[in-house]
Amino acid sequence: MIDSVYIAWRYLVFNKARSATLVACVSLIAVLPFTLDVLLNESERQLLSRAETTPLLVGAKGSALDLVMNSLYLDDQVPELVSMQVNDEVSESGLANPIPLYVRFHARGFPIVGTTLDYFDFRGLQVREGRSLALLGECVLGSAVAESLGLKPGDRLLSSPETVFDLAGIYPLNMNVVGVLEPSHSADDVAVFVDVKTAWVIEGLVHGHQDLLKVRDPTLIMERNDQNVTATAKLTQYTEIDEQNIGSFHFHGEPQAYPLTAVIALPADAKSATILRGRYVSAEKTTQIVEPNEVIDGLLRNIFRVKSIIDSVIVVVGLAALLALVLVFALSLRLRQRELNTVFRLGCSRYTIVRLLGAEIAIILIISAALVAAVAGVVSHYDEQLVRLFLVN
Amino acid sequence: MAGTAIGDANHNRGCTVRHGLRRVLAAALLLFMACSAVAADKLVVFTVNHPLAYFAQRIGGDEVDVHFPAPEGIDPAFWMPDVSEIIAYQQADLVLLNGARYAKWVDKVSLPQLKLVNTSTAFQDQYLRGDAGTTHSHGPVGEHSHGGVAFTTWLDFSQAAQQAKAIAEALARKRPELAAEFQRRFALLESDLLALDSEMQSIGQRARGKPLLASHPVYQYLQRRYDLNLRSLMWEPDVVPGRSSWQGLQVLLREHPAQRMLWEAEPVSETAQRLTSLGISTVIFSPCANVPDDGDFLTVMRRNLEALSSILGPDG
């Protein structure tokens with residue numbers, strides 16, 4: 001038996017290209033459905049776990065999926081904006097506690113999440129290094145952001161302009177990194193957290209500058225009368241917030257009118273949740289309330305519908321590949337007819353020849369199985385990151 | 001032998017002392033732990049001014065641990081806490097805000113929204129908008145002004161009672177099992193505040209129409225509620241006003257011939273003497289935004305009312 005295996009192995013080694021092709025074919029047929037299954041299960045777990053822990057989401061009417069993907073998975077697609085008034089309405093209803101979200105801006109490719117400290121408690125995020133947010137202009141980094149950008153507390157991080165063509169727009173904010181979070185194995189790892197007011201500073205709604213009523217430089221003033229002072233473009237707004245200039249930062253207008261992308265509503269109980277949902281049923285409302293679980297369920301149903309199609313395709317492709325394999329073996333048998341005749345003439349029985357061929361097939365299957373196991377191991381180990389890289393984000 | 005006996009005796013005494021010390025230390029440790037446990041059970045409440053701290057303490061009693069960390073002698077409306085103080089605010093169970101854009105530092109720090117209680121929400125539609133000041137424009141947001149909202153809301157004692165009610169409700173939400181006790185204590189505080197309101201109403205009636213001056217624009221709610229004919233200057237008690245300020249006062253006196261001027265604190269003697277020479281007597285009416293040197297919010301307000309009442313005389 002060992003002789004047969006040895007001869008089969010030598011044969012496979014001698015015909016490296018053919019053997020490698022066969023191993024690749026078998027491995028691919030086996031690995032495709034497996035990895036797809038692992039990745040889809042992980043994506044389902046990730047999507048659902050975050051959706052299940054987020055009871056209700058209030059946002060502008062429009063795509064519920066965009067709203068959920070932006071709010072829960074920090075997707076780049078920004079939903080229609082709502083005002084801080086929506087946050088206050090949820091609070092004043094007495095039915096739920098609100099957590100505002102403003103996920104619109106980026107810093108070096110990572111989403112900036114403008115929220116309140118309640119978000120950290122709600123998601124169970126712990127500060128690993130440094131401290132949590134305290135002052136305007138500070139940010140706390142998700143673990144992956146800190147690792148990727150090599151930043152630590154005490155460093156600075158510049159917000160990115162919304163578009164490269166925004167030359168006349170607002171200045172980027174040089175944020176002070178004050179903390180790094182423990183890994184949470186969720187989208188929060190790739191986020192830059194700021195207070196929602198700091199997000200408004202990035203937008204230019206809250207800003208600091210010299211007191212226009214006190215400036216002496218005439219080139220800073222375009223027009224001055226009893227009621228109004230108009231500054232020239234020379235008036236620079238502060239792009240960093242520190243102890244010296246924090247006092248000059250101010251809101252324009254009522255904060256209730258300031259924008260948000262969504263509000264997470266945490267109802268006291270199921271009854272409160274139902275009553276709150278009922279308040280957003282009216283067609284006249286410009287806002288909607290969604291249960292992220294339902295939205296993600298719908299998304300997953302579509303994903304699994306696609307998966308079943310892919311499964312069918314894989315079965316068909318697999319069958320075709322198997323037939324091709326059979327053909328390859330049949331053809332190789334024909335090509336090896338002279339070699340097999342020689343073996344037969346040397347005194348080997350037909351059974352021995354069958355054993356030799358069987359050993360070849362077994363070796364190919366074993367190598368393929370090992371390869372599949374290795375790939376499966378890698379995919380299973382990195383499924384979380386792979387899903388976040390390819391599916392969630 | 002004798003030396004050994006003495007040594008043993010000393011050793012025994014030393015052991016006894018050490019045992020005693022250990023017992024005392026153990027007892028102290030237990031006491032400390034017990035106190036910590038009691039303190040841990042207490043609701044930790046941080047406030048942005050003294051009136052709210054006073055209300056919270058009156059309503060919460062021993063069940064709350066009230067903190068107002070602004071240093072003495074500073075106006076809490078314009079105070080800016082440092083990072084360690086902000087973190088202390090963040091770790092509180094409740095943070096009581098005055099509302100009406102009081103304590104501007106709140107807009108510049110991160111506080112957990114779910115712990116914040118705006119005590120003046122009930123009457124926020126009645127906030128008094130201050131002089132909007134000069135508007136200005138720059139950048140994409142267009143014309144705007146930084147004129148503020150009058151924020152010494154508690155000087156209208158009926159509003160103060162509403163703020164106290166908001167505190168009682170917030171405490172009851174945090175400790176529902178103590179709601180009845182909080183309500184009972186609130187009722188006592190409310191009656192004190194409404195008594196002040198009633199007394200101030202009668203003072204207001206006596207002062208009706210009579211021109212009054214205020215050194216600083218902090219009495220807007222007092223003026224509205226009690227119908228005072230009050231005009232405000234921008235004078236500081238510890239700064240002698242300059243020539244232009246005195247000239248401005250002379251101009252104002254022509255159309256508003258006031259003989260009494262309300263001050264947040266005792267003005268420097270030079271200012272007081274010059275006012276006296278103009279026939280204007282000074283009366284201290286402290287808003288009591290920070291912890292007073294003696295007494296508490298209620299005693300300071302009673303003192304304010306007595307001072308105002310006495311300067312008005314029996315028939316105003």
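**Chat about helices in chains A and B**

Modeller: Chain B has nine helices and ten strands, where helices (H or I, at least four residues) and strands (E, at least two) are DSSP runs numbered from the N terminus. This is a predicted model, in which local features need pLDDT of at least 70, side-chain atom pairs count only at pLDDT 80 or more, and totals for chains, interfaces and linings use all residues. Residues are numbered from 1 along each chain as its sequence is written, chains are lettered from A and ligands numbered from 1 in the order in which they are written, and side-chain values use heavy atoms, with hydrogens and water left out.

Biologist: OK, how much of chain B is buried?

Modeller: Buried residues make up 45% of its 316 residues. Buried means under 20% relative accessible area, exposed over 50%, and partly exposed in between (1.4 Å probe, protein chains only).

Biologist: Now the helices. At what angle do H2 and H5 of chain B cross?

Modeller: Roughly 135°, with the axes of H2(B) (residues 50-60) and H5(B) (residues 179-207) coming within 7 Å. Axes are lines fitted to C-alpha atoms, for helices over the stretch in contact, and angles run from 0 to 180 degrees between N-to-C directions. That makes H2(B) oblique to H5(B). Under 35 degrees counts as roughly parallel, over 145 as roughly antiparallel, 65 to 115 as roughly perpendicular and the rest as oblique.

Biologist: Which residues of H2(B) meet H5(B)?

Modeller: B:Tyr54, B:Phe55, B:Arg58, B:Ile59 and B:Gly60. Their partners in H5(B) include B:Phe182, B:Arg185 and B:Asp192. Contact means heavy atoms within 4.5 Å.

Biologist: And how does H4(B) lie against H5(B), parallel or antiparallel?

Modeller: H4(B) (residues 157-174) packs on H5(B) at about 175°, with the axes 8 Å apart, so the two are roughly antiparallel. Among the residues in that contact are B:Ala161, B:Ala164 and B:Ala168 of H4(B), and B:Phe186, B:Leu189 and B:Leu193 of H5(B).

Biologist: Switching to chain A. Which residues of H8 are buried?

Modeller: In H8(A) (residues 270-278), A:Ser272, A:Ala273 and A:Leu276 are buried. Seen down the helix axis, they fall within an arc of 100°, so they line one face. The arc is that of the directions from the helix axis to the C-beta atoms.

Biologist: What's on the face turned away from that, and what covers the buried residues?

Modeller: The face turned away carries the exposed A:Ala270, A:Lys271 and A:Thr274. The cover for the buried residues includes helix H4 (84-93) and strands E1 (56-60), E3 (96-107), E15 (262-267) and E16 (287-290) of chain A.
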